[in-house]
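Good morning, and thank you for coming. Please look at the sequence and the structure, and I shall then go through one part of the chain.

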Amino acid sequence: RLNIYSIGLTVFLISSILCGLSNNVVELITFRGLQGIGAAMLQGTATAIITTTIPENRQGPALGTLSILLGIGPVLGPSIGGFLISVGNWRWIFWINIPFIFIGLIGCLFLKRYIKEQKSMSIHLDIRGNSLLFLSIFCLLISLTSWSYHSMLD
């Protein structure tokens, strides 16, 4: 499962780079399709990784946190994408993925090593951290919404 997840991250990385380098609409659509395949590999295996590596008594909070993170994308994506286009160009929508993918790949390496050492995994839900994440995203969305009424270049 972790290997498929790592391959999904790699496919998403390569396709993001190719999307950023695309020169016409056909290339962009093709590479976005490839990006979708990588994303499907990620979302399809994330739940399986959680249910097989985290003890049953901690799976509920872990799956809830995963749901929160998966829900953030469609909420923040358009706002961040609009911001990136307004300060740069459309290619930055794809370049922004690269550092996050590398962080994910490093996390996979750590998790693989951790599983190989066969240590018991203890994940604790950080209520304060998740609440702060929710509050900061909410404030970000409110500020981006208020910016839409005023030009950033004025």
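I begin with one residue. S16 touches Q35, F94, N97 and I101, leaving aside residues up to four places away in sequence. Please note that the model is a predicted one.

The chain holds six helices and zero strands, and from the N terminus on, its elements run α-α-α-α-α-α. Of the 154 residues in the chain, 24% are buried. Among contacts between residues at least 6 apart in sequence, 73% join residues at least 24 apart.

S16 is found in helix 1. Is S16 buried or exposed? Its relative accessible area is 0%, and S16 is therefore buried, the cut-off being under 20%.

I turn to the helix itself. Helix 1 covers residues 2-21, and at 1.5 Å a residue its 20 residues should span 28 Å; the C-alpha atoms at its ends are 29 Å apart, which agrees. Several of its residues are buried, among them L2, S6, G8, L9, F12 and C19. Against which helices do the buried residues of helix 1 pack? They pack against helix 2 (25-53), helix 4 (92-95) and helix 5 (97-116).

Let us consider helix 2. Two packed helices are described by the angle between their axes and the distance between the axes. The axes of helix 1 and helix 2 come within 8 Å and cross at roughly 155 degrees. Angles over 145 degrees count as roughly antiparallel, so helix 1 and helix 2 are roughly antiparallel to each other. Their crossing is left-handed. Helix 1 contributes residues including L2, Y5, L9, F12, S16 and C19 to this contact, and helix 2 contributes residues including L28, F31, Q35, M41, L42 and I49. By class, the contact has 17 nonpolar, six polar and one charged residues.

Definitions and conventions
Residues are numbered from 1 along each chain as its sequence is written. This is a predicted model: local features need pLDDT of at least 70, side-chain atom pairs count only at pLDDT 80 or more; totals for chains, interfaces and linings use all residues. Side-chain values use heavy atoms; hydrogens and water are left out. Helices (H or I, at least four residues) and strands (E, at least two) are DSSP runs, numbered from the N terminus. The expected span of a helix is 1.5 Å times one less than its number of residues. Buried means under 20% relative accessible area, exposed over 50%, partly exposed in between (1.4 Å probe, protein chains only). Contact means heavy atoms within 4.5 Å. Axes are lines fitted to C-alpha atoms, for helices over the stretch in contact, and angles run from 0 to 180 degrees between N-to-C directions. Angles under 35 degrees count as roughly parallel, over 145 as roughly antiparallel, 65 to 115 as roughly perpendicular and the rest as oblique. A crossing is left-handed if the near helix is turned anticlockwise from the far one by less than a right angle, and right-handed if clockwise. Ala, Val, Leu, Ile, Met, Phe, Trp, Tyr, Cys and Pro count as nonpolar, Asp, Glu, Lys and Arg as charged, and the others, Gly among them, as polar.
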